[in-house]
Amino acid sequence: MIKKSYNLLVVGSGIVGLAHAYEAKKRGLSVAIVEQNARCTGASIRNFGFITVSGQGVRDTWRRAVHSAKVWRELADLAKIKIVHQGTWILCQRAEAVEVAQAFLKTPIGVGCAYYPKSSYKDLPNLGFFNLNSLRLEESLGLLYSPHEFRVESKEAIPQLTSYLQTEMGIDFYWETEVLSIQDSWVQTSNGQVQAARVVICPGAQLTGVAKQYIEQHNLRLCTLQMLRVKVQEGFILPGSVMTDNSLARYLGWSDLPEASALKERIAKEMPEYVKEGIHLIVVQSADGSLVVGDSHRYGTSEDVFASEQVERLIIDLLYRVLSITEHTILERWTGVYPSSSECDALIEKVSPRMRVAIVSSGTGASTAFGLAKDNFDEWLTND
Ligand SMILES: Cc1cc2nc3c(=O)[nH]c(=O)nc-3n(C[C@H](O)[C@H](O)[C@H](O)COP(=O)(O)OP(=O)(O)OC[C@H]3O[C@@H](n4cnc5c(N)ncnc54)[C@H](O)[C@@H]3O)c2cc1C
């Protein structure tokens with residue numbers, strides 16, 4: 001039976017909940033996290049661990065990503081979380097993609113990024129870039145490089161971060177405890193009541209539970225993604241995270257540019273089966289050399305529980321078109337789910353002066369959660 005009382009109770013131990021707990025604790029609040037599972041099992045440990053800045057939507061999302069990347073780096077240091085690799089390479093295989101890359105560099109959010117045409121590839125090792133031969137450069141017209149991204153191994157990083165918040169920052173965690181209802185300062189859980197001056201619900205894809213009544217008006221859907229871990233030939237090293245033209249046509253920081261229209265049209269004509277399944281390639285590498293590869297996007301009112309062999313084949317075909325790999329073995333397959341909105345990248349629902357719901361509704365939570373939590377408390381704690 002829980003008997004304590006807190007300044008803030010966070011519902012959910014995914015990255016959005018952890019970020020809120022961290023931000024509140026830094027501001028001097030006493031904080032507890034209540035999680036219905038025995039550990040975090042949601043999107044936050046199923047993702048690529050790809051902390052991205054370039055490609056994020058222009059306004060709040062990019063700003064939140066810049067802040068989150070800074071906090072991730074600080075916390076990685078403190079919690080001994082390994083940064084597996086840095087930087088992103090985007091293979092531009094179509095002239096229309098080159099147009100998008102070059103237009104992006106002229107925008108304020110293109111800061112620090114660079115475009116390398118094919119003629120300059122030979123100079124890249126002199127600039128300190130290595131392992132680019134693992135990309136099928138002969139298939140490309142140019143490379144867009146962003147230095148801002150890095151990768152953590154989420155299935156290790158999230159437990160490490162959790163442990164750091166618990167042992168070093170003094171945040172209480174209540175596992176296997178579901179929040180059932182919230183009435184004024186009383187939170188009813190499956191293990192008894194907790195008292196909290198404030199509650200923030202960070203339910204991730206759990207849209208039908210305790211948060212349902214507060215977020216119905218946002219018409220959120222669920223997006224199911226297919227992911228793979230593959231082993232390729234010995235000694236294969238990626239230069240950083242890798243994406244392709246399809247990503248330039250998908251992520252808002254690029255796809256919202258007027259120059260992206262022609263690219264989207266061409267991809268729609270040439271790759272209809274990829275567009276139908278929302279497939280675009282992201283490849284990242286783990287410390288053991290295996291590659292995490294994805295992803296696809298199926299939208300609906302509930303999770304799509306059936307992973308498709310056809311989707312897997314399309315992802316692997318694209319992988320061979322982009323990387324100089326000669327063989328692969330699939331080591332793991334999994335799906336993940338996140339809430340999705342056609343109206344916003346993230347939402348903070350102000351239910352009452354005591355209660356809020358925070359949801360990343362664009363599949364970018366690993367990259368933006370710390371910025372979202374900061375924005376939330378900047379406003380919530382000053383408006384007392
Ligand atoms: C396959 C995949 C790949 C992705 N790749 C990336 C990426 O590389 N980079 C990136 O930035 N983003 C990525 N995303 C998106 C990112 O993972 C999510 O936006 C983020 O993890 C959402 O975090 P969350 O805390 O909201 O949700 P979750 O991690 O799902 O956590 C929510 C938690 O709340 C708990 N909970 C819910 N209701 C209750 C209740 N009533 N009582 C107690 N506990 C409750 C749940 O059990 C769960 O543990 C990806 C997503 C997926 C699915």
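Predicted model: local features only at pLDDT ≥ 70, side-chain atom pairs only at ≥ 80, totals over all residues.
Q: How do helix H4 and helix H9 pack, at what angle and how far apart are their axes?
A: Helix H4 (residues 95-105) and helix H9 (residues 260-270) pack with their axes 8 Å apart and at an angle of about 150°, where helices are DSSP runs of H or I with at least four residues, and axes are lines fitted to C-alpha atoms over the stretch in contact, with angles from 0 to 180 degrees between N-to-C directions. That makes H4 roughly antiparallel to H9, the term used for angles over 145 degrees.

Q: And which residues make the contact?
A: Glu96, Ala97, Glu99 and Val100 of H4 meet Ala260, Ala262, Leu263 and Arg266 of H9, with contact meaning C-beta atoms, placed from the backbone, within 7 Å.

Q: Switching topic, what domains is the protein divided into?
A: The division gives domain 1 (1-49 + 153-218 + 343-384) and domain 2 (86-152 + 221-340), with bounds from an automatic or database domain assignment. Their centres, taken over C-alpha atoms, are separated by 31 Å, and the contact takes 14 residues from domain 1 and 17 residues from domain 2.

Q: Where does the ligand lie, then?
A: The ligand lies between domain 1 and domain 2, because both give residues to the shell around it.

Q: Which residues come nearest?
A: Of the 42 residues around the ligand, Gly14, Gly42, Gly204, Gly336 and Gly365 come nearest, a residue being near if its C-beta atom, placed from the backbone, lies within 6 Å.

Definitions and conventions
Residues numbered from 1 in each chain as written. Contact = placed C-beta atoms within 7 Å. Helix = DSSP H or I, 4+ residues; strand = E, 2+ residues; numbered from the N terminus. Parallel < 35°, antiparallel > 145°, perpendicular 65-115°, else oblique.
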